[in-house]
Amino acid sequence: MKELDAGTVVREITDKDFEGLMRLYMELHDNLFPEKDDRVMSIWERIVSDKDHHIIVAEVDGRIAASCVCVIIPNLTRGQRPYAFIENVVTSAKYRRNGLATACLDYARELARKENCYKMMLMTGSKDSGVLDFYEKAGYNSSDKTAFIQWL
């Protein structure tokens, strides 16, 4: 856990954060709040118990305001060093432009370094120059790799 200022911390989720995270995810791709059925809760439990799956949140006065996912992926190349994949970067509209997503990405970078990852990757579907500039300022570039997606 890392305290940013009074009332604001960056940390990994706990099993008690389901409701708060799902409220935030409603702002990502206009998701609906999922029903807490066996399937959804099984996925939640699988994520929470996976030592390589990290959901990082910025919490402001007890409310989850921003988040990103950092998955550490074991690897047999590059000296068997793992790499990190970043996904679901989101900040609640009310809290944008306050450095919360950057703090989450910084926390993810610290995790990746601790795990001896040789790189971090993320993809965005956004073409918005502000979003792309945000990722570049956070240390990512779009020139080293080309991403391809196959939707299933």
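## Close-up views of a predicted model

A search through the whole structure turns up zero disulfides (a disulfide being a pair of cysteine sulfur atoms within 2.5 Å). C70 is in no disulfide, and the nearest cysteine sulfur, in C117, sits 6.7 Å away. Before going on, note that this is a predicted model, where local features need pLDDT of at least 70, side-chain atom pairs count only at pLDDT 80 or more, and totals for chains, interfaces and linings use all residues. Residues are numbered from 1 along each chain as its sequence is written, and side-chain values use heavy atoms, with hydrogens and water left out.

View 1. A disulfide is a covalent bond between the sulfur atoms of two cysteines. The sulfur of C104 has its closest cysteine sulfur in C68, but at 5.2 Å that is too far for a bond. C104 is buried, with a relative accessible area of 0% (buried means under 20% relative accessible area, exposed over 50%, and partly exposed in between, using a 1.4 Å probe and protein chains only). C70 is buried as well, with a relative accessible area of 0%.

**View 2. Helix 1 and what covers it.** Helix 1 takes in residues 18–25, and six of these eight residues are buried, so the helix is largely enclosed by the rest of the structure. (Helices, H or I with at least four residues, and strands, E with at least two, are DSSP runs numbered from the N terminus.) To find the buried residues, look for F18, G20, L21, M22, L24 and Y25. Their cover includes helix 2 (38–49), strand 3 (53–60), strand 4 (63–73) and strand 5 (83–91).

**View 3. Strand 3 with its partners.** Seven of the eight residues of strand 3 are buried, so this strand is largely enclosed by the rest of the structure. Strand 2 (residues 8–12) runs antiparallel to strand 3, and five bridges join the two (two strands pair if DSSP finds at least two bridges between them). Here V9 has E59 of strand 3 as its bridge partner. Strand 4 is also antiparallel to strand 3, with eight bridges between them. In this pairing, I55 has V69 of strand 4 as its bridge partner. The hairpin of strand 3 and strand 4 has two residues between the strands, and in it D61 takes a positive phi near 50 degrees.

**View 4. The second largest pocket.** This pocket holds about 410 Å³ of space. (On a 1 Å grid over the protein atoms alone, a cavity is a set of points where a 1.4 Å probe fits but cannot get out, and a pocket is an open set with protein on both sides within 12 Å along at least five of seven lines; lining residues have an atom within 4 Å of a point. Grid points are joined across faces, edges and corners, and a volume is the space filled by probe spheres set on the points.) The lining has 19 residues, and M22, Y25, I43, I47 and N88 lie nearest the centre of the pocket. Helix 1, helix 2, strand 3 and strand 5 each supply at least two lining residues, and helix 2 gives the largest share, five residues. By type, the lining divides into 14 nonpolar, three polar and two charged residues (Ala, Val, Leu, Ile, Met, Phe, Trp, Tyr, Cys and Pro count as nonpolar, Asp, Glu, Lys and Arg as charged, and the others, Gly among them, as polar).

**View 5. V90 and its surroundings.** V90 belongs to strand 5 and counts as buried at 4% relative accessibility. Although V90 and E27 are 63 residues apart along the chain, their C-alpha atoms are separated by 7.7 Å. Setting aside residues up to four places away in sequence, V90 touches L24, Y25, L28, A65, A66 and S67 (contact means heavy atoms within 4.5 Å).

**View 6. M120 in strand 6.** M120 lies in strand 6, which covers residues 120–122. Leaving out neighbours within four places in sequence, M120 is in contact with A84, I86, A108, R109, A112 and Y140.

**View 7. The loop between strand 4 and strand 5.** Most residues other than glycine have a negative phi. R78, found in this loop, is not a glycine but has a positive phi of about 55 degrees. Q80, also placed in the loop between strand 4 and strand 5, is not a glycine either and has a positive phi of about 60 degrees. R78 counts as exposed at 56% relative accessibility, and Q80 is exposed with a relative accessible area of 53%.
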